Amino acid sequence: MFAAHAQHTTNDTTFQRATTMSKYIGILTAGGDSPGLNAAIRGVGKALLGHYGMHVVGFRDGFRGLMENRTATLDGGQLSGILTVGGTILGTSRDKPHKMPVGGKILNMLDTIADNYRANRLDCLVCLGGGGTVKNALRLKQMGLNVITLPKTIDNDVAGTDVTFGFDTALGIATEAIDRLHSTAHSHHRIIVVEIMGHRAGWLALGAGIAGGADVILIPEIPYDVDSVAEAIRARARGGKPFSIVAVAEGAISKQDLAAIAAARAAGRKSAKQKDARKADDQEADAAELLYADRTLRLAKRLEALTGLEARVTILGHVQRGGAPSAADRLLATRLGTACADLIAKGTHGVMVAAKGEDTQPVRLEDVAGKVKTVPLKHSWIGSARRVGTNFGD
């Protein structure tokens, strides 16, 4: 499995430098799948193998594969032809190293993961993932392991980077969906409420809403008043446009629900003063989850009642995460992947490889973990949308 992959070149100096750097590098993909993961694996792997002459091994299904020591050979053949392929050839999971289901129990498997890291003689582990992956990678760093992360997620909510790979592809898919919904909304004089992914940040709904010409855009960063949304739709109808497209992020929340969640949190904090603080936290999470459940369907029904127009819901769901990555995501993933290989060759670790303009930059994991990049209220996208008449429900 660990056969050397150094390739002879016509430059003897380059070859000697590569072979003397005999390092073993692991790669895994964690969290939700995202377009561009295979392009990133390819970028990291090909640069490490061909340019630096290192040994590369993949771990299947995220941190679980590392815990179970399930490896996958990554050589020139395995990395060939995957640039345009969606998903991840390594598989992925959302299992956390410190809270992993094992034998019907939730166990801390950090020690086992560290043992497998050393058993595979790894000099560094590359983790491709979003915000949760960064936090898990930091835990491994605190165990004394060398780790580097690459930022992927269609939500574009990873702190410290201009953009994440996967976002551009999902943006194009969501925009095309809105484009297609215009004709049916117009034909039937309906309100079409289209739910777009994005629990904590509204980048995807905002971008697709603007690009697709949505009349209303609802994002987590701007709590909305359903009466304000209804009035905007009624105003369009009075102006001869008896149809509307409402682009709503999964995590968008009304002002009324926000107040209810605040009350639930207050109750949770009060209960936390009691002995069973963990139970109080669970109760708070459950209360919030109930408020979020079926919120898009409830929004559509409310708008139908307030406007007198038929409302239909389209939930894009996982279609936004599937298919071949866009050219922009292939380019970004390749840039980040090769930059990652360069950092490994320099002995740099404990960082996330961030996109900064047309360049890349290593950012300490401590400066990223636990943070979410939300849409600033004064962001130019919001300003532009308001100027063309888009309603945000505020």
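Just after helix H9, Gly240 takes a positive phi of about 90°. This is a predicted model, where local features need pLDDT of at least 70 and side-chain atom pairs count only at pLDDT 80 or more, while totals for chains, interfaces and linings use all residues. Residues are numbered from 1 along each chain as its sequence is written, and side-chain values use heavy atoms, with hydrogens and water left out.

Back to H9 itself. Helices (H or I, at least four residues) and strands (E, at least two) are DSSP runs numbered from the N terminus. H9 takes in residues 226–238, and at 1.5 Å a residue its 13 residues should span 18 Å, which agrees with the 18 Å between its end C-alpha atoms; the expected span is 1.5 Å times one less than the number of residues. At the start of H9, Asp225 puts a side-chain oxygen within 2.9 Å of the backbone nitrogen of Asp227.

Which residues of H9 are buried? They are Val226, Val229, Ala230, Ile233 and Arg236, buried meaning under 20% relative accessible area, exposed over 50%, and partly exposed in between (1.4 Å probe, protein chains only). These residues cover an arc of only 120° around the axis, which puts them on the same side of H9; the arc is taken from the directions from the helix axis to the C-beta atoms. Their cover includes strands S8 (191–196), S9 (216–218) and S10 (244–249), plus helix H12 (295–307).

Now the charged pairs. A search of the whole structure finds 16 salt bridges, each a side-chain nitrogen of Lys or Arg within 4 Å of a carboxyl oxygen of Asp or Glu. Three of them are below.

| Salt bridge | Closest N and O atoms |
|---|---|
| Asp95 and Arg64 | 2.6 Å |
| Asp157 and Arg200 | 3.1 Å |
| Arg180 and Glu176 | 3.0 Å |

Asp95 sits in the loop between helix H4 (76–79) and strand S4 (100–102) and Arg64 in helix H3 (residues 62–67), so this pair ties together parts 31 residues apart in sequence. Both Asp95 and Arg64 are buried. They also belong to a network of salt bridges linking Asp61, Arg64, Glu68, Arg70 and Asp95.

In the second pair, Asp157 is buried, with a relative accessible area of 5%, whereas Arg200 is partly exposed at 44%.

For the third, Arg180 and Glu176 are four residues apart in helix H7, so about one helical turn separates them. Arg180 is exposed, with a relative accessible area of 60%, and Glu176 is partly exposed at 40%.

Terms used:
Contact means heavy atoms within 4.5 Å. A polar contact is a pair of N or O atoms within 3.5 Å; within protein, one must be able to donate a hydrogen and the other to accept it, and residues adjacent in sequence count only if both atoms are side-chain atoms.
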